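These are my notebook entries on a structure that I looked up piece by piece. I wrote each term out with its cut-offs where I used it for the first time.

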Amino acid sequence: MTSMPESESFVLLRLSERRFAVAASDIAELVAPSRVFRFPHQTKEVEGVVVRRGRIVPVIDVAARLLGRRLTARRFYLIAQRRYTTGTEWIALPVTGDCELIFADMIPASEADLPHVAGWLSHDGDVIEVLNLNALTPGPNPAPLRAPATEAPQQEAFS
Amino acid sequence: MRLPAPAKTLPVRSEQIILFRISGALFAVSSASVQEVRSVDTLAGSAREIPPSEIRKVRHMVQRGEHNLYVVNGALHFNLPTSHAALVFVLRRTRTALLVDGIEKMTTMTRLQALPQAFCNEERGWYRGLTAIDQIVVPVVKPEGFLTPDELFALDSVVDPALTPTGDDVDHTSVSGNPVAGAAISELPSAFSNDNTLDSAGPIQ
């Protein structure tokens, strides 16, 4: 007897006219845009930081990489977990429309796919890329592709 | 019946910081890291221009005993538009004198969050972390991050190829732990002396 693949939950997000998916287990919350604090740095993907629940969270515009252009308007920030070799931290992804929680079967990415593609899923007649945030967003290399979500998010230099 | 003992409140660890501006951008530095604050004018007499080098952010040096203090243009260091520096921070336990536009105020931080790992380039050497002051996020600079050992070596080679100081033990002109003492206090903005005083308490390390 063969077992059917179990449906996983994903969050669909909209960047301009395109939709992408992220594993729901990687998403913390969807929040309204708040003030972005900017300071000098050299990581071009990072726009700045926002404060969310007492944490300082980097804002990363993934549209530049996925669409080839930065977002000019944004409606929400999707707060997601980004896994690093040393732990998990929150990141804020600007999105341009509502997000939707769906259940779907993911087809894993093939070797031909770009590193930021974790897989593909079919929804409402569209084929949608499932994003691998660890490959899509900046961080010290190498980053793990997926890891247990039990690490405490964020570190403090002192507390 | 005995009432439960009240929960002990842990003392909040805090650190005195100086908020300062370079080209409009706001930064913080631990006050314990600042040995002196001088106006650019008072430093000008003792500063010496150094030959052009690949380290563009350093154009002048000050001789302090056996050591050279290199004057770092903060705007160039952070890749900000050029600005008019009015003050110099002589940074303790480094060979750096940092040009800044002005001091915003002195205050206390109680929480320093590590720089998020999404910041993965040069800035990791620039900042100790981030703090929120009056609901504004401010990067806290790392005093030793303004000049790397390689940059110091390159500058020493330009200034005097025969001179190869180690850079250790340069804290030779301490002014009783207070960066403002002995400095050109009259040059400082009024907010500096009005609202805050800098005690000599050490920083959280």
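**Entry 1: a strand pair in chain B**

I began with strand 5 (residues 58–64) and strand 6 (residues 67–73) of chain B, which pair in the antiparallel sense over six bridges. Strands here are DSSP runs of E with at least two residues, helices are runs of H or I with at least four residues, and both are numbered from the N terminus. Two strands count as paired if DSSP finds at least two bridges between them. I also noted one bridge in detail, in which B:Met61 has B:Tyr70 of strand 6 of chain B as its partner.

Before going on I wrote down the ground rules: this is a predicted model, in which local features need pLDDT of at least 70 and side-chain atom pairs count only at pLDDT 80 or more, while totals for chains, interfaces and linings use all residues. Residues are numbered from 1 along each chain as its sequence is written, and chains are lettered from A and ligands numbered from 1 in the order in which they are written.

**Entry 2: the sheet around that pair**

I then looked up the sheet in chain B, an open one in which six strands follow the order 3-7-8-6-5-4 with mixed pairing. Strand 3 (34–39) and strand 4 (47–49) of chain B stand at its edges with a single partner strand each, so one side of each has no neighbour in the sheet. The twist from one strand to the next averages 30°, where axes are lines fitted to C-alpha atoms (for helices over the stretch in contact) and angles run from 0 to 180 degrees between N-to-C directions.

**Entry 3: helix 4 of chain B**

Which residues of helix 4 (residues 149–159) of chain B are buried? I found B:Leu152, B:Leu155 and B:Asp156, where buried means that 20 or more other C-beta atoms lie within 10 Å of the residue's own, exposed means 12 or fewer, partly exposed lies in between, and C-beta atoms are placed from the backbone. These residues cover an arc of only 100° around the axis, which puts them on the same side of helix 4 of chain B; the arc is that of the directions from the helix axis to the C-beta atoms. The buried residues of helix 4 of chain B pack against strand 5 and strand 6 of chain B, and a contact here means that the C-beta atoms of two residues, placed from the backbone, lie within 7 Å.

For chain B as a whole I noted five helices and twelve strands, with 39% of its 205 residues counted as buried.

**Entry 4: two loops with a positive phi**

B:Asp134 lies in the loop between strand 11 (127–133) and strand 12 (136–141) of chain B, and this residue has a positive phi of about 50° although it is not a glycine. B:Asp134 counts as exposed because 8 other C-beta atoms lie within 10 Å.

In chain A I looked up the hairpin of strand 1 and strand 2, which has two residues between the strands and in which A:Ser16 takes a positive phi near 55°. A:Ser16 is partly exposed, because 15 other C-beta atoms lie within 10 Å. Strand 1 (residues 8–15) and strand 2 (residues 18–23) of chain A pair in the antiparallel sense over six bridges, and A:Leu13 stands opposite A:Phe20 of strand 2.

**Entry 5**

Strand 1 of chain A pairs with strand 8 in the antiparallel sense over five bridges, and A:Val11 has A:Leu101 as its bridge partner in strand 8.

Where is A:Cys99 placed? I found A:Cys99 in the loop between strand 7 (87–95) and strand 8 (100–104) of chain A. Beyond residues up to four places away in sequence, A:Cys99 touches several residues, including A:Val11, A:Leu13 and A:Phe76.

**Entry 6: where the chains touch**

Last, I noted that 26 residues of chain A are in contact with 25 residues of chain B.
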